Amino acid sequence: MAQKTIYEVFEISDRTWRGIGEIPESGYEVKNEYARFNARKKFNLNLEPVPENAECISGAIMKGLKKPIQCPNFGTQCNPEHPMGAPMVSSEGSCAAYYHYANNNLVKS
Ligand code: SF4
């Protein structure tokens, strides 16, 4: 029932992912018939892209090419209180998960 409702209200669209870039057909967009509920259209929002921190290697981490502990900022300049990238912002992010649950041999201060 939930999936049926999602496909009634949204259509698949291209989406830009932080650290990765645009992936065709990887996101959802509100269908025109529900445009009155689309906050971007209703409030005429023009969201500027947020520049990513050049020192953050989140793209490589999200693609599985590197692990958070391979980032030179992990646990030092970048931590959950002062995140430099999306994977450290969210508690489910790979960098935050490594920070909280990896063994104590990793640098955390
Ligand atoms: S530890 Fe921080 S700076 Fe490094 S990849 Fe993760 S979020 Fe980016």
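1. Domain separation. The centres of domain 1 and domain 2 lie 27 Å apart, taken over C-alpha atoms. Domain 1 covers 2–42 and domain 2 covers 58–101. These bounds come from an automatic or database domain assignment.

2. Basis. This is a predicted model: local features need pLDDT of at least 70, side-chain atom pairs count only at pLDDT 80 or more, and totals for chains, interfaces and linings use all residues. Residues are numbered from 1 along each chain as its sequence is written.

3. Fold. The protein has five helices and two strands. Their order along the sequence is α-β-β-α-α-α-α. The radius of gyration is 18 Å, well over the 13 Å from the globule rule for 109 residues, so the protein is more spread out than a compact globule. Here the radius is taken over C-alpha atoms, and the rule is 2.2 Å times the number of residues to the power 0.38. Helices (H or I, at least four residues) and strands (E, at least two) are DSSP runs, numbered from the N terminus.

4. Extent and burial. The C-alpha atoms fill a box of roughly 55 × 35 × 25 Å along the principal axes. Buried residues make up 17% of the 109 residues. A residue is buried if 20 or more other C-beta atoms lie within 10 Å of its own, exposed if 12 or fewer, and partly exposed in between; C-beta atoms are placed from the backbone.

5. Core. The largest nonpolar core has 12 residues, including C56, F74, M88, A96 and Y99. Helix α5 (residues 94–101) gives the largest share of this core, four residues. Such a core is a set of buried Ala, Val, Leu, Ile, Met, Phe, Trp, Tyr and Cys residues joined through C-beta atoms within 7 Å.

6. A96 is found in helix α5. A96 counts as buried because it has 20 C-beta neighbours inside 10 Å. Leaving aside neighbours within four places in sequence, A96 is in contact with P80, P87, M88, S90 and S91. On the same terms, F74 is in contact with P68, I69 and C95. Contact means C-beta atoms, placed from the backbone, within 7 Å.

7. Ligand shell. Of the 15 residues around the ligand, C56, C71, C78, G85 and C95 come nearest. A residue counts as near if its C-beta atom, placed from the backbone, lies within 6 Å. α3 (58–62) and α4 (86–89) each supply at least two residues of the shell.

Notes:
Two residues are in contact if their C-beta atoms, placed from the backbone, lie within 7 Å.
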